[in-house]
Amino acid sequence: MTAAVFFGCAFIAFGPAFSLFIFTIAKDPLRVIILIAGAFFWLVSLLLSSLVWFIATKATNAQDLTLQKNLLIFGSIFSVILQEVFRFAYYRLLRKANEGLAAISEEDGPPLSVREMAYVAGLGFGIMSGAFSMINTLSDSLGPGTVGMFGDSQYYFITSALMTLALTMLHTFWGVVFFEGCERKRWWVIAVVLCVHLMVFSLSLLNPFYVASILPVYAIMLLMAVWAFFSSGGSLHNITLLWTCKTRLKPI
Amino acid sequence: MGLESSKWAIIFLVCWLYKNVSCNSVEQKIYVELNNTVPCVRLLNATHQIGCQSSISGDTGVIHVLESEADLEWPLSKGPNPPYMVLLESSLFTRSIMMKMKNESNRVAGVAVVVPNTSPPEFSPHTTCPNENTGVYSDNYGPNLAHCNTTVWNPRGNGLSYEEFDFPVFSLKEDNETEFIKQCYLDHNRAVNGSAPQYPLCAMQLFSHMHAVTNTPTCMRRNDINFSINPEMVCDPLGDYNVWGSIRPYNDTVFGHKENESVVIAAARLDSRAFFWEVSTGAEGSVSGFVTLLAAAQALREVTHAAPPTRNILFAFFQGETFDYIGSSRMVYDMENGKFVIDLDNIHSVLEIGQVAVHSGTNLFLHSDPVSRRNNTVNDENLVNNLQSSTAGLGFLLVEPNVSQPLPPSSLQRFLRAQPIPGIVLADHESAFNNRYYESFYDNAANLNLTYPSDLSPEEQLEFVTDTAKSLTDVATVVARALYKQAGGDESLVNTIKADPKIVTQMLYGFLVSSNNSWFQAVMAPELKNILKPSPPEYYVGVAMSSTPTRLVQYLLANLTGAATNLTQSQCQKPDELPNESRQVGVPLDLSVCRWIDVQRITMLTLGVGVAVLFTSLLVTYFISTKADVLFSSTREPASAAY
């Protein structure tokens, strides 16, 4: 019976990431490599920050619940900061790698533009973050039971999946915006991305008041989507071009 | 709730890896694990299977707490959310309710029985005529006595232990977890005014999958199929060791008939069973008998050293008697085939101690086999006289039943199957058992009225001589005197034989209250001390090669009868290839309570949203990726530049 919940949640959480992967990443091996490396960078950041949290919890009284909750919040904030640090580190790595790749490539010029790398790196972060958020919950949705015996909301699974979806897309957009900001030396972008990430995290603390947490997160996601679209070279003019189906005039 | 698809298995494997890394709090929101549970397992014999079985991934059902027998209508026909998991109080755990559920087993996912701390007035899941097909009485031997035609030994028996159930049956203790289940039922599952309860509902999942099926020959044949490097055994034979010892030692390498050797066998049984796996305490059913015999053996120690009797006395404790006489039939088989230190012709007579602790009056009874007594050589009045005269000065009498009735279920019947031998079974019941809880989990210390004053520490309780111990001591004294006389000992020394009440009470404490006491620890071998626990040992014969009671009796027999007896370590018997042997399978057990939700609502919503999100994202991504040049034009030269 709850195979339906399992598949539903899996599709919600990973559907867009999966389709992005299929259509934009899978064909180009270089993009796949950058995706995986991005996922790995996110994983390392999570490992380091969870180490800090783990040490903090083991060193303190496990029975004191408010202290543990506060430690969790502190650990998560530290994790957010560390994730952005690692995103920056990945940016530097990719810039260096890009020069090397340009040297050995057959085309003249780098095989991947920074924008493409930004998008792929962001998606890598997003996929890994989504996996870590959701796999645990998905595996529990397979059994015959569901959440609610102790008063939790029945919508636990579907809201977890929606949150994961939002977070995946947000990471992608943050990647685009972040790398663009670093390219143009606009350092305030980094600060804004960090603040938005922290804001999303604090909204998630409002669960299980799902109306108060999910709707604002999706609003932020839409705003970030618009920002990412514009910073990656899109414009309203291009959208109107799309609708009027004007053909491109190639330079002769 | 199938996990059949291999795709799920792969995903689940991945999830399993993640799940096992950390303490899983989502699981704690969904499931509550129940800990103090005991399943009913499947047993096989040559022709049938009995017991309970769940499906391989467990059985799940909506919890229903049964209020009365009429309330069975709800899970069996009226309830709208089958299958149901029925929770029974012990007063409702009756044959009629269980058989009704067995007949509608497609609506019943399983049964959980709450076992209370105080026993009901009577309860016996065994059959009314125990071991009726494997005793001595048959159509050829005393046909009017066979199949309990004259005396029904266990009239309270409801035969539930010998029924086959297709759903799992578990027992729960009366504790917080059970209260939680009942509260969950009252909060969510109760039908208000006859209307159906709304989802989500409280449910329970029981795992007790048994690999053994059909009957013993089939199962043993399946055991022999070895496909892989680690062959999986689907069932194990029930078995253990018998314990025996004699006054004069025998050389354990010399088997077969011994010339001019005449032996009096004193026998008792060691094992017992219950409906649920292993929770058998067998206080009246077996402990009373073998404790009395051990005390008699100890009482005989000095006098047999000082003035050895003419005949040897062999003390035999048989395991597995509940399941068609596994132990005694093995000893008879070995005697017939010259694999034991004596053979059937060496046996002078047999005295067996049956159930002797629950008196219904002051007298005890001497049961014998009327068919073999028609033969004058077997009708040995001496044995009866020796027994009856041994009660002098002890305050009770030994009486023969005044109707001609068969032997009660006893190991002596297996000896008689092979050869007519004079024998007596000593019991506290004249006809039907006095034991109201024969072969059930209520046959415990309370059944023997074994009570200790409340202010004693465990060590003080060990030493305290209870009334039960005093009465069993008297029985042991009688048995010891009778055995000495029967073995041709010196008549003048008979009255010096007295059993020690202190030893009897220590044994009763160790076997019925706590086996981890200072006396048992002193008697047991150091490497075996870890089998001693603060609870009484389980008397189920089991599939391990030697269970706790066997070991304890072995070491106690050696300790109480001194160096003059043969120690039993390497010679003990293994019931291996025997007809009518029962089989049993080791059991994985797991039980959890969970809750689920209506398929129509949130589940379908989730699935629908998921599929919609997936397809939408596929379409949108495809669209954007094909129009990427147009949308993200700054990556290339402006498209509309015309040269």
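I began with α5(A) and α6(A), which are roughly antiparallel to each other, a label used for angles over 145 degrees, with under 35 being roughly parallel, 65 to 115 roughly perpendicular and the rest oblique. The two helices pack at an angle of about 170 degrees with their axes 8 Å apart. Axes here are lines fitted to C-alpha atoms, for helices over the stretch in contact, and angles run from 0 to 180 degrees between N-to-C directions.

This is a predicted model, in which local features need pLDDT of at least 70, side-chain atom pairs count only at pLDDT 80 or more, and totals for chains, interfaces and linings use all residues. Residues are numbered from 1 along each chain as its sequence is written, chains are lettered from A and ligands numbered from 1 in written order, and side-chain values use heavy atoms, with hydrogens and water left out.

I listed the contact of α5(A) with α6(A) (heavy atoms within 4.5 Å). On the α5(A) side I noted Leu167(A), Leu170(A), Trp174(A) and Val177(A), among others, and on the α6(A) side residues including Ile190(A), Val193(A), His197(A) and Val200(A). By class this contact has 13 nonpolar, four polar and no charged residues. Ala, Val, Leu, Ile, Met, Phe, Trp, Tyr, Cys and Pro count as nonpolar, Asp, Glu, Lys and Arg as charged, and the others, Gly among them, as polar.

Next I took α1(A) against α5(A). Their axes come within 9 Å and cross at roughly 10 degrees, so α1(A) is roughly parallel to α5(A). Among the contact residues are Val5(A), Ile12(A), Pro16(A) and Leu20(A) of α1(A), and Phe157(A), Ala161(A), Leu165(A) and Met169(A) of α5(A). I counted 13 nonpolar, two polar and no charged residues there.

Then I checked α3(A), residues 65-104, against α5(A), residues 156-183. They pack at about 55 degrees, with axes 11 Å apart, which makes α3(A) oblique to α5(A).

I looked at chain A as a whole. It has eight helices and zero strands, where helices (H or I, at least four residues) and strands (E, at least two) are DSSP runs numbered from the N terminus. Its C-alpha trace spans about 70 × 40 × 30 Å along the principal axes.

I then opened the second largest pocket, which holds about 1,600 Å³ of space. Of its 46 lining residues, the closest to its centre are Leu20(A), Tyr119(A), Ile624(B), Ser625(B) and Phe632(B). Elements that each supply at least two lining residues include α1, α4 and α5 of chain A and α17 of chain B. The lining divides into 28 nonpolar, ten polar and eight charged residues.

A cis peptide bond joins Pro82(B) and Pro83(B), with omega about -5 degrees; Pro83(B) is in the loop between α3 (73-78) and β6 (84-89). Asn131(B) is not a glycine but has a positive phi of about 50 degrees, and it lies in the loop between β7 (108-115) and β8 (164-165).

Terms used:
1 Å grid on protein atoms, 1.4 Å probe; cavity = no way out; pocket = protein on both sides within 12 Å on 5 of 7 lines; lining within 4 Å. Points joined across faces, edges and corners; volume = space filled by probe spheres on them.
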